[in-house]
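Let's walk through this model together, one piece at a time. Keep the sequence and the 3D view open beside you as you read.

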Amino acid sequence: MMELTLKSCPFCGGKAEFDTISARYKTHSFDFVIHCVKCGATSPKTYRLVVKFNSEGLIEFPKDERQAAVDDWNRRF
């Protein structure tokens, strides 16, 4: 399991969290950013998570940018 620990906001020290900005239910994909709940600072890049069932009925993530989003945020953009 990946470690998805976000550092506090680089501008105000507030709590950071994932924020879904759009979802495509037909393709089961989500576009998201990281944002600070205190000052509203947002990661400059939009990331994507794609979820699908494989032929064996197991969940796969053909595109999973959650770790990249965390790494970018924690590097302070």
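Is Phe-18 buried, partly exposed or exposed, and what is its relative accessible area? Phe-18 has a relative accessible area of 33%, and since buried means under 20% and exposed over 50%, it counts as partly exposed. Please bear in mind that this is a predicted model, and that the values here are computed from it.

Start with the overall layout. The chain contains one helix and four strands, and reading along the sequence gives the pattern β-β-β-β-α. Along the principal axes, the C-alpha atoms of the chain fill a box of roughly 45 × 25 × 15 Å. The chain has 77 residues, 29% of which count as buried. If you look at contacts between residues at least 6 apart in sequence, 38% of them join residues at least 24 apart.

Now to the sheet. As a reminder, strands of a sheet pair through backbone hydrogen bonds, in a parallel or an antiparallel way. Here the four strands make an open sheet in the order 1-2-3-4, with antiparallel pairing. Strand 1 and strand 4 (59-64) stand at the edges with a single partner strand each, so one side of each has no neighbour in the sheet. From one strand to the next, the twist averages 30°.

Let's go through two of the pairings. Strand 1 (residues 16-24) runs antiparallel to strand 2, and eight bridges connect them. Asp-19 has Val-33 of strand 2 as its bridge partner. On to the next pairing: strand 2 and strand 3 (residues 47-53) are also antiparallel, over four bridges. Here Phe-30 has Leu-49 of strand 3 as its bridge partner, and Phe-32 stands opposite Tyr-47 in strand 3.

Why is strand 2 described as largely enclosed by the rest of the structure? Seven of the eight residues of strand 2 (residues 29-36) are buried, so the strand is largely enclosed. Phe-32 is buried, because its relative accessible area is 5% and the cut-off for buried is under 20%. His-35 also has its place in strand 2, and with a relative accessible area of 15% it is buried as well. Leaving aside neighbours within four places in sequence, His-35 is in contact with several residues, among them Lys-15, Asp-19, Thr-42 and Trp-73.

Helix 1 (residues 66-74) lies across strand 1, strand 2, strand 3 and strand 4, and runs at about 20° to strand 2. Ala-68 lies in this helix and counts as partly exposed, at 33% relative accessibility. Ala-68 and Arg-48 are 20 residues apart in sequence, with a C-alpha to C-alpha distance of 9.9 Å in space.

What does the largest nonpolar core consist of? The largest nonpolar core has 12 residues, including Leu-6, Cys-9, Phe-32, Ile-34, Tyr-47, Val-70 and Trp-73. Strand 2, strand 3 and helix 1 each supply at least two residues of this core. Ala-41 is one of the core residues too. Leaving aside neighbours within four places in sequence, Ala-41 is in contact with Cys-9, Phe-11, Ile-34, His-35, Cys-36 and Trp-73.

Finally, back to the aromatic rings. A pair of such rings is described by the distance of the centres and the angle of the planes. The count for this model comes to two aromatic pairs. One of them joins Phe-18 and Phe-32: the pair is tilted, with 5.4 Å centre to centre and 55° between the planes. This pair links distant parts of the chain, with Phe-18 in strand 1 and Phe-32 in strand 2, 14 residues apart. Phe-18 is partly exposed, whereas Phe-32 is buried. Together with Tyr-47, Phe-18 and Phe-32 form one aromatic cluster.

One more ring deserves a look. Arg-66 lies over the face of Phe-61, at 5.4 Å from the ring centre.

Note on methods: Residues numbered from 1 in each chain as written. Predicted model: local features only at pLDDT ≥ 70, side-chain atom pairs only at ≥ 80, totals over all residues. Heavy atoms only, no water. Buried < 20%, exposed > 50% of the residue type's maximum accessible area, 1.4 Å probe, protein only. Pairing = 2+ DSSP bridges. Axes fitted to C-alpha atoms, helices over the stretch in contact; angles between N-to-C directions. Contact = heavy atoms within 4.5 Å. Phe/Tyr/Trp six-rings, centres within 6.5 Å; stacked < 30°, edge-to-face > 60°. Lys NZ or Arg CZ within 6 Å of the ring centre and 35° of its normal. Core = buried A, V, L, I, M, F, W, Y, C linked by side-chain atoms within 4.5 Å.
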